[in-house]
Amino acid sequence: IYPKFSASWHLSQEDWFPELPGLDQLRLRTAWGWSGLQPEANAAVLSFRPQLVDTDTAAVGGVTVENLGNPELKPEKSREVEAGFDGDFLNGRLGMEFTYYKKRSEDALVLRRLPPSSGAQSRQWENLASIENRGLEAGVNAMLVNSPGMTWNLNLSGSVNHNKILD
């Protein structure tokens, strides 16, 4: 179960909000929720691959380990909170967005390298970490030209992200 909740408030539509020159709309928004990431299909299952081996006298059929599997494997779960605002200015010719987010992932799925001596493929999925991501995203869009024959928009966006391995 991955519950989610989000809310948005058009602050500029409130009766008590002052009319500011050039401001068309101001909206505050927030969201909270859980999400998940399933392991690859059959990542937990031990499987074999048919193998033909040539000997001095004949070709002999056999098997090799294709995937060691990981029966302890479980989904990666993440919870995130974000908050931000959107603003429209100058009769829709200028727009701004700003978002702060913080996300924590538990049982992060990591494709781990196995030693060649395992006799199997070189990698295996495991739940190895708790990870925190937090950051800021911002964007500005401007309509520079709006005429019957041409529209010219300019969009600029940027972000900052900090990742931290907690466990």
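1. A residue counts as buried under 20% relative accessible area, as exposed over 50%, and as partly exposed in between (1.4 Å probe, protein chains only). At 37%, Lys-102 is therefore partly exposed.

2. This is a predicted model, in which local features need pLDDT of at least 70 and side-chain atom pairs count only at pLDDT 80 or more, while totals for chains, interfaces and linings use all residues. Residues are numbered from 1 along each chain as its sequence is written, and side-chain values use heavy atoms, with hydrogens and water left out.

3. The structure holds 7 salt bridges; the term denotes a side-chain nitrogen of Lys or Arg within 4 Å of a carboxyl oxygen of Asp or Glu. One of them joins Glu-132 to Lys-102, at 3.8 Å from N to O. Glu-132 belongs to strand β7 (residues 123–147) and Lys-102 to strand β6, so this pair ties together parts that are 30 residues apart in sequence. Strands (E, at least two residues) are DSSP runs, numbered from the N terminus. Glu-132 is buried, with a relative accessible area of 14%.

4. Asp-86 forms a salt bridge with Arg-27, and the closest N and O atoms are 2.4 Å apart. Since Asp-86 lies in strand β5 (residues 76–89) and Arg-27 in strand β2 (residues 23–37), the pair ties together parts that are 59 residues apart in sequence. Asp-86 is buried at 13% relative accessible area, whereas Arg-27 is partly exposed at 23%. Arg-27, Arg-29 and Asp-86 are linked in a network of salt bridges.

5. Aromatic pairs also deserve attention. Rings of Phe, Tyr and Trp (its six-membered ring) pair if their centres lie within 6.5 Å; planes under 30 degrees apart count as stacked, over 60 as edge-to-face and the rest as tilted. By this rule there are 3 aromatic pairs. Trp-9 and Trp-16 form an edge-to-face pair, with 6.3 Å between centres and 65° between planes. Trp-9 is partly exposed at 40% relative accessible area, and Trp-16 is exposed at 56%. Ring pairs link these two residues and Phe-17 into a cluster.

6. Leu-46, Phe-48, Val-63 and Leu-68 form a nonpolar patch on the surface, with about 380 Å² of accessible area together. Such areas come from the Shrake-Rupley method with a 1.4 Å probe, and for residues only the protein chains shown count as cover. Patches are made of residues with over 30% relative accessible area and no salt bridge; like charges are joined within 9 Å, and nonpolar side chains (Val, Leu, Ile, Met, Phe, Trp, Tyr) within 5 Å. Phe-48, in strand β3 (residues 47–54), is partly exposed at 46%.

Notes
Helices (H or I, at least four residues) and strands (E, at least two) are DSSP runs, numbered from the N terminus.
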